[in-house]
Amino acid sequence: MATKVSNFSDLIQRVTASCLLHPLAGNRPDDISVQRSGSDSDSEEERYETKQEQDGFDEEEESKDWEAANKDEPSNERILEMEMLMGEVFDAVSAMKRAYVSLQQSHSPWDPDKMRVADVVVVAELRKLGVLRERFRRTVGGDGGGRGRWRLGSLTLREVVAPYEASLEELNKEVKAKQVEVDNLREKLKTATSFNSSGGRSKGKSKRRVSCTAQVAAAPAPAPEQFEATMNLVTEASKSFTSLLLSLMRSAHWDIAAAVRSIEAASSNATASADSVVGKNHSKYALESYVNRKIFQGFDHETFYMDGSLSSLLHPDQHRRDCFTQYRDMKAMDPVELLSILPTCSFGKFCFKKYLAIVHPKMEESLFGDLEQRRQVLDGHHPRSQFYSEFLGFSKAVWLLHLLAFSLDPLPSHFEANPGAEFHSQYMESVSKISCNNGAGNAYASMVVSFPVSPGFKLGNGSIIKARVYLVPKNGF
C-alpha cells in the first residue's frame with residue numbers, strides 16, 4: 001500500500017512538472033493530453049513565424065510602392081537632362097528642314113552634285129534623329145508609367161519624321177529617274193557635238209572614226225521634205241515669238257508706229273520717214289521681219305560665224321553625218337531642259353548671241369523694267385522666264401533648220417527679197433491678202449516688196465521654199 005501511494009505521488013509530481021513546463025492554451029479543453037499540448041505549442045510557434053514573414057513582406061511592398069511613387073516625381077537633374085535632349089531634337093529637325101530645302105533648290109536649276117550633297121545631309125540628320133530617339137527611350141523607358149509615356153513620345157516622334165522619310169524616298173526615286181535621263185542626254189550630246197573637235201585630229205584617227213561610223217550609212221538620210229517641214233515649224237515659232245514681243249511692247253506703251261518706221265528704214269538702209277506704208281493691223285509683219293533678219297544672220301556658215309570652224313570644207317561627208325545625227329537627237333529635246341544641263345553647248349552659245357542681237361538693252365529695260373535677263377545671259381546662264389522660253393523655242397527651230405541644211409548635199413541656198421523688188425509668185429509669198437479692186441488682171445502685178453519677212457530656200461532637188469514678203473502698191477513705195 002505504501003508503495004502504491006508512493007507511485008501515485010510520483011505520477012502527480014511528474015504531471016505537475018510537465019504542466020509547468022508546457023502550459024495549456026486557454027481555449028483548449030482541460031482533458032487534453034500532454035502530447036497534444038506539445039503539438040499545439042509547436043503549431044503556434046509556426047503561425048507566429050509565418051505572421052512575422054508576412055509582416056516583413058508587407059513592409060517591403062509598402063517600401064517599393066513608396067519608391068515607385070517617389071520615382072514618378074522627376075528630379076531637377078532629370079528635368080535638365082530631358083530639356084537638353086529635346087533641344088537637340090529641335091536642332092536636328094531644323095537642320096533636316098534646311099537640308100531638305102537645299103535638296104529642293106538643287107532641282108532648279110538641275111545640279112546633280114549639289115543634289116547628292118543635300119541628299120547625304122538629309123540622311124545624316126535623319127540618322128541623328130534616330131540616335132536621339134534611342135537616347136530618349138533609354139532615358140524614359142522602364143516599367144510602369146514610364147514605358148507608357150515613352151510609347152506616346154515615340155509615336156509623336158515617328159509621326160513627325162514619317163512625312164520627311166516618305167518625301168525623301170520620293171525624291172530619291174525622282175533623282176534616279178532624272179539621273180538616267182541626264183545620262184541619256186549627255187550621251188546624245190556627246191555624239192551630237194563630236195564634230196567640233198574633229199578638226200584637230202590626225203589623219204589616222206580620222207580614218208578610224210570614219211570606219212567606226214560607217215554603220216551610220218544605214219540610218220535614214222536627210223530629205224528635202226524634212227527641210228520644208230522644219231521651215232514650217234520655224235515660221236510658226238517666229239509668229240508666236242513675235243506676237244508675245246508685240247504684246248509686251250503694247251503693255252509697255254510703246255509707239256508701235258515709230259518702231260515700225262524704224263524697222264522699215266533698217267530694211268531699206270534709209271532714214272526713217274514720217275509716214276509708214278505698213279497697215280495699221282500689219283505691225284506684226286514688220287516686227288517679224290526684224291526678228292527673222294537678226295536670227296538668220298550667219299545662216300550660210302556652219303556655226304553662224306560663232307567660230308572659225310571649217311569642218312564642212314575639210315570633212316564634208318563626216319560633217320553632214322554629224323549634223324544629221326545632231327538633228328535627230330535634238331529634235332525631241334526640250335530646249336529649256338537641254339540648256340539647264342549644258343548651258344554653254346553650241347546651241348546655248350547660239351541662243352546667247354541671238355538674244356543679245358534681238359533684244360537690245362533699252363528694249364529689255366522698257367519691257368521688263370530692268371536688265372536682269374541680259375545680265376544672266378552675259379554671265380552664261382539662261383533665264384527661266386516665259387519670254388526667254390518662247391525665244392528658246394524659236395531658236396531651236398532655226399537651229400534644227402540650220403543642222404538639216406548642212407546635212408543635205410548640195411547645201412540649200414537661201415535668198416531674200418529686196419525692198420522695191422517686183423513680186424514673183426515662183427519665189428515669193430505675200431504675208432497679207434491682196435484684193436483686186438478693178439476685178440480683172442493679176443492683183444500682184446502692181447505690187448512691190450516693202451520689206452522681206454522671212455528668207456526663202458532653193459533645195460538641191462529643184463524645189464523652192466518661197467520667201468515671205470510684205471507687199472505695197474508701186475505708187476505708194
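This is a predicted model: local features need pLDDT of at least 70, side-chain atom pairs count only at pLDDT 80 or more; totals for chains, interfaces and linings use all residues.
1. A search of the whole structure finds 20 aromatic pairs. Y355 and Y388 make one of them, in an edge-to-face arrangement.

2. Other rings form a cluster. Ring pairs link F227, F296, F299, F304, F347, F350, W399 and F457. F457 comes up again below, in a strand pairing with I465 as its bridge partner.

3. Now the overall picture. The protein chain holds 16 helices and six strands. It has 477 residues, and 35% of them are buried. Take the contacts in the chain with a separation of 6 or more: 72% of these are between residues 24 or more positions apart. The accessible surface comes to about 29000 Å². Carbon and sulfur atoms account for 53% of that surface.

4. Which strands make up the open sheet of three? The order is β1-β4-β5, and the pairing is antiparallel. β1 (413-415) and β5 (464-465) stand at the edges with a single partner strand each, so one side of each has no neighbour in the sheet. Strand β4 (residues 456-458) pairs with β5 over two bridges, in the antiparallel sense. Here F457 has I465 in β5 as its bridge partner.

5. Is strand β3 (residues 447-454) enclosed or open? Eight of its eight residues are buried, so β3 is largely enclosed by the rest of the structure. β3 pairs with strand β6 (residues 467-473) in the antiparallel sense, over six bridges. V449 stands opposite L471 in β6.

6. β6 also pairs with strand β2 (residues 428-430). This pairing is parallel and has three bridges. M428 stands opposite A467 in β6. β6 itself is mostly covered, with six of its seven residues buried.

7. Next, the charged side chains. Side chains of opposite charge can pair when their charged atoms come close. A search of the whole structure finds six salt bridges. One of them joins R468 and E288, with the closest N and O atoms 2.8 Å apart. The pair links distant parts of the chain: R468 sits in strand β6, and E288 in helix α9 (residues 283-295), 180 residues apart. Are these two residues buried or exposed? R468 has 9% relative accessibility, so it counts as buried. E288 has 3%, so it counts as buried as well.

8. The side chains of R116 and D113 meet at 2.4 Å, N to O. Both residues lie in helix α4 (residues 112-140), three residues apart, which is about one turn of the helix. R116 has a relative accessible area of 46%, so it is partly exposed.

9. R320 and D409 also form a salt bridge, at 3.8 Å from N to O. This pair links distant parts of the chain, with R320 in helix α11 and D409 in the loop between α16 and β1. They are 89 residues apart. D409 is exposed, because its relative accessible area is 60%. D317, R320 and D409 are linked in a network of salt bridges.

10. Helix α11 (residues 316-331) also holds C323. Where does C323 stand, buried or exposed? Its relative accessible area is 3%, so C323 is buried. C323 touches L403, F406 and S407, leaving aside residues up to four places away in sequence. C323 and S312 are eleven residues apart in sequence. In space, their C-alpha atoms are 9.9 Å apart.

11. Last, a patch on the surface. L310, L313 and L314 form a nonpolar patch there. Together they have about 340 Å² of accessible area. L313 is found in helix α10 (residues 311-314). With a relative accessible area of 65%, L313 is exposed. Compare C323, which is buried at 3%.

Terms used:
Residues are numbered from 1 along each chain as its sequence is written. Side-chain values use heavy atoms; hydrogens and water are left out. Two strands pair if DSSP finds at least two bridges between them. Helices (H or I, at least four residues) and strands (E, at least two) are DSSP runs, numbered from the N terminus. Buried means under 20% relative accessible area, exposed over 50%, partly exposed in between (1.4 Å probe, protein chains only). Contact means heavy atoms within 4.5 Å. Accessible areas come from the Shrake-Rupley method with a 1.4 Å probe; for residues, only the protein chains shown count as cover. Rings of Phe, Tyr and Trp (its six-membered ring) pair if their centres lie within 6.5 Å; planes under 30 degrees apart count as stacked, over 60 as edge-to-face and the rest as tilted. Patches are made of residues with over 30% relative accessible area and no salt bridge: like charges are joined within 9 Å, nonpolar side chains (Val, Leu, Ile, Met, Phe, Trp, Tyr) within 5 Å. A salt bridge is a side-chain nitrogen of Lys or Arg within 4 Å of a carboxyl oxygen of Asp or Glu.
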